[in-house]
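I am opening a notebook on a structure that is new to me. My entries follow in the order in which I looked things up.

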Amino acid sequence: MKEFLVQNLTKHHTLRKIYKLIYDHGPLTKADLQALTNLKHTTLVRIIDELLTSQLIAESGFAKSGGGRPPVLYEIVQNRGYIIAIDISRTHTTIALLDLKLSIIEKYTFSMTRDHTPEVVIESIVNAINLFMQLQDISKDDLIGIGIGSVGPLDREKGIILDPDSFPSVGWKHVPIVNVLEKFFSVNVLLENGANTAAFAEYLHSTIKGSDILYCISGVGLRCGMIVNGHVLQTKTGVASAFGHMIVDIEGKECICGKKGCLLSYTSLDSMKTQIIEQISSGEKSIVSIDQELTFEHLINAAKAGDDIVKRVILNSAHYYGIGIANMINFMHPDQVLLNGPLIYEYQPYYEKIVTTAKKFMFHNDNVIFNKGLLKEDAVIIGAAALLFKSFF
Ligand SMILES: [Zn+2]
């Protein structure tokens with residue numbers, strides 16, 4: 001499989017083209033392929049034979065016949081190769097093994113703590129990949145590549161995670177992750193921002209074909225990705241987090257970047273914690289305590305239990321987030337806005353407040369469809385695997 005993907009001779013060109021058509025639109029019959037390619041019948045028969053012999057495609061039943069013998073359907077062989085996908089965020093790292101149709105076969109997630117330096121994380125990644133291959137009896141030759149969706153900023157060309165903020169551990173500066181993994185596994189490694197890979201996964205999954213998607217993850221920070229005409233919109237350093245530094249109040253709260261009124265200073269987990277502590281300190285009662293380490297789980301539970309302070313802070317955060325989304329919609333004109341993050345899935349009033357605020361501040365673009373990301377926490381890895389596979393064609 002790896003050989004088939006990397007070979008680049010002209011004679012392989014048509015072979016790969018037919019394979020990709022079956023991959024994208026399969027199962028297909030010979031007649032379908034002929035209609036899509038205009039190839040001579042004999043050429044098409046030869047190519048299909050070659051793909052069948054290499055076990056890259058297989059017969060997968062029969063199409064309905066208009067009379068006479070029903071035509072054979074062809075589909076790609078899903079487990080002819082495997083992809084590793086990695087999601088590196090400020091809260092967790094996930095490593096997964098996927099087949100060629102991007103079904104997740106193995107998955108391992110761990111939380112990022114103060115001890116999770118790049119060295120520790122990379123070692124865990126390598127161990128997980130080796131374990132997956134052992135469990136599934138997969139050789140290095142079956143592994144076609146590794147796709148990484150990470151927090152930025154990144155140097156995609158050199159495959160380096162540059163200097164992302166707010167990691168719990170120190171040491172996340174100029175991490176040459178692509179190089180290290182390429183050496184370990186001798187495969188292509190692709191590095192992209194996680195918000196972009198997630199956006200791409202949702203794009204492939206979307207039932208609204210060809211739509212432009214704005215995809216945002218509100219976690220510890222705020223990350224957004226955008227799909228335009230089926231392509232990931234790439235900024236130079238892949239800083240999907242830059243969205244969080246959009247100014248929403250010129251005289252507003254101070255942000256971690258040193259400026260005032262950035263979106264992040266209202267929406268990040270840290271900013272919500274600060275606001276909650278301020279209000280408790282001013283004498284208001286809350287079921288959360290100033291001394292505890294506040295996680296999303298604490299906030300969600302407190303809000304669901306009706307805690308006034310926590311509810312107010314979360315909805316205030318949603319209000320500013322909605323304004324940020326409206327600004328993005330006003331100049332990017334997406335067809336769909338998809339939102340992901342713990343509060344989005346676990347606390348409905350947060351999601352609703354974002355949508356109503358965004359709609360209020362949108363500039364005549366009322367056809368935008370809002371939704372929660374369908375693939376939830378798997379979006380980043382599925383998209384990373386999809387972009388890796390796509391990079392061969
Ligand atoms: Zn800022």
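I took buried to mean under 20% relative accessible area, exposed over 50%, and partly exposed in between, with a 1.4 Å probe and protein chains only. The model is predicted, so I kept to its limits: local features need pLDDT of at least 70, side-chain atom pairs count only at pLDDT 80 or more, and totals for chains, interfaces and linings use all residues. Residues are numbered from 1 along each chain as its sequence is written, and side-chain values use heavy atoms, with hydrogens and water left out.

Entry on the metal. I looked up the donors of the zinc ion (N, O and S atoms within 2.8 Å of the metal, or 3.2 Å for Na, K and Ca), and found His245 (ND1), Cys255 (SG), Cys257 (SG) and Cys262 (SG) at 2.0 to 2.3 Å. Their spacing along the chain reads H-x9-C-x1-C-x4-C. I noted Cys262 as buried, at 1% relative accessibility, whereas Cys257 is partly exposed at 37%.

Entry on the rings. I paired rings of Phe, Tyr and Trp (its six-membered ring) with centres within 6.5 Å, calling planes under 30 degrees apart stacked, over 60 edge-to-face and the rest tilted. The count came to 11 aromatic pairs. Phe184 and Phe185 are a tilted pair, because their planes stand at 40°, with ring centres 6.1 Å apart. Phe185 is buried, with a relative accessible area of 1%, while Phe184 is partly exposed at 43%. Phe389 and Phe393 are also tilted, with centres 5.3 Å apart and planes at 45°. I then saw that Phe4, Tyr19, Tyr23, Phe389 and Phe393 form one aromatic cluster.
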